[in-house]
There are 2 protein chains.
Amino acid sequence: MATRTDTLTLEVVELIGTVVARYHEEYDRAAAEHSLTGAQARVLGLLSLEPLPMRKIAVRLKCEPSNVTGIIDRLEARGLVERRPDPADRRVKLAAATDQGRRTARELRDALDFAREPLAGLSDDERTVLRDLLRRMLGEEAP
Amino acid sequence: MATRTDTLTLEVVELIGTVVARYHEEYDRAAAEHSLTGAQARVLGLLSLEPLPMRKIAVRLKCEPSNVTGIIDRLEARGLVERRPDPADRRVKLAAATDQGRRTARELRDALDFAREPLAGLSDDERTVLRDLLRRMLGEEAP
DNA sequence: ACCGATTTACTTGACATCATGAAATATTCA
DNA sequence: TGAATATTTCATGATGTCAAGTAAATCGGT
């Protein structure tokens, strides 16, 4: 059993903590290079794929819709995002990335070598093993 | 090579993103059960191991010392932490967990089964492989 | 060994962002 | 018509930065 006092489990837990910390450092650093906060970068990344209603953004971010209003306000003030009416439902406002927003999102993705660079040290076989172990750890099955 | 368009690498990157999200959910949920924020829980965890000067807390949190003042203020107001003078340097204030703070920190650790429970699905050998792959990914060598 | 200048540790204040919750408005749906 | 939904606004609190201020330690020149 994996108990709390199991040394091996504790080592893995600590490593995962390090991964989480490293992930955020890289993410925030990349965002800051474009004068964006982590939350703004995350929303811009979502919207660069497809326009989304405010409410769905809140669901993705697991936060209150009233919070999304402010984040979109700030992105809109910088010309990275725009609000559009939803033709199908006049209550809904769709947030959509502008051309400049998509450009910034692409640069952000390119700068985010958190996983790309350290993973380069692993062989294909090793990456496959890592992928499968992470999947099982997360309780996902092979798609 | 691990390029950005490498499917396997992208899968691993996405899984790591999921791990990060899951980690935060669990952490914040466990903290909220004790009416603590994530930042407060993190600092309390640090101080439950050893008292630390304010400045070192800021280094661990990678934030400004002025920010730590407020976090310790709130923990101190709840009796979980206390400030002590450092006998060796009167400029320094040591933040130390109180008995109640240590108790809360222990309960927090026990509630944090993020890694314990999902890792239970892996065998010892698999956990060892996972540990070694994560270490190499993070650029650490065996201690 | 002394003393002034610099550095270090912490706090305070002003401000921006992120987060929640309650109330207001507009629109849709039963 | 009345209930439910989508968004915004407002009040509030936690977190974060930066600049300025206070207290204490350290350094360098005499």
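This is a predicted model: local features need pLDDT of at least 70, side-chain atom pairs count only at pLDDT 80 or more; totals for chains, interfaces and linings use all residues.
The surface near DNA strand D draws on both protein chains. In chain A, the elements that give two or more residues are α3 (54-61), α4 (65-77) and β3; in chain B, they are α2 (38-49), α4 (65-77) and β3 (89-97). By class, this surface has 10 charged, seven nonpolar and six polar residues. Of the 23 residues around DNA strand D, those that come nearest are Arg55(A) and Arg83(A) from chain A, together with Thr37(B), Glu64(B) and Ser66(B) from chain B.

Arg83(A) places a polar side-chain atom 2.7 Å from a phosphate oxygen of DNA strand D. A phosphate oxygen of DNA strand D also lies 2.9 Å from a polar side-chain atom of Arg74(B). For Asn67(B), the partner is a sugar or linking oxygen of DNA strand D, with a polar side-chain atom at 2.8 Å.

Chain A also contains an open sheet of three strands in the order β1-β3-β2, with antiparallel pairing. Its edge strands, β1 (52-53) and β2 (81-86), each pair on one side only. Between β1(A) and β3 (residues 89-97) of chain A, the antiparallel pairing runs over two bridges. Pro53(A) has Leu94(A) as its bridge partner in β3(A).

The remaining topic is aromatic pairing. A pair of aromatic rings is described by the distance of the centres and the angle of the planes. How many aromatic pairs does a search of the whole structure find over all chains? The search finds two. In chain A, the ring centres of Tyr23(A) and Tyr27(A) are 6.1 Å apart and the planes lie at 15°, so this pair is stacked. Both residues belong to helix α1 (residues 7-32) of chain A and are four residues apart, about one turn of the helix. Tyr23(A) counts as partly exposed because its relative accessibility is 21%.

In chain B, the rings of Tyr23(B) and Tyr27(B) are likewise stacked, because their centres lie 6.1 Å apart and their planes are at 15°. Helix α1 (residues 7-32) of chain B holds both residues, four residues apart, about one turn of the helix. Tyr27(B) has a relative accessibility of 18% and therefore counts as buried.

Note on methods: Residues are numbered from 1 along each chain as its sequence is written. Chains are lettered from A and ligands numbered from 1 in the order in which they are written. Side-chain values use heavy atoms; hydrogens and water are left out. Rings of Phe, Tyr and Trp (its six-membered ring) pair if their centres lie within 6.5 Å; planes under 30 degrees apart count as stacked, over 60 as edge-to-face and the rest as tilted. Buried means under 20% relative accessible area, exposed over 50%, partly exposed in between (1.4 Å probe, protein chains only). Two strands pair if DSSP finds at least two bridges between them. A residue is near a molecule or strand if one of its heavy atoms lies within 4 Å of it. A polar contact is a pair of N or O atoms within 3.5 Å; within protein, one must be able to donate a hydrogen and the other to accept it, and residues adjacent in sequence count only if both atoms are side-chain atoms. Ala, Val, Leu, Ile, Met, Phe, Trp, Tyr, Cys and Pro count as nonpolar, Asp, Glu, Lys and Arg as charged, and the others, Gly among them, as polar.
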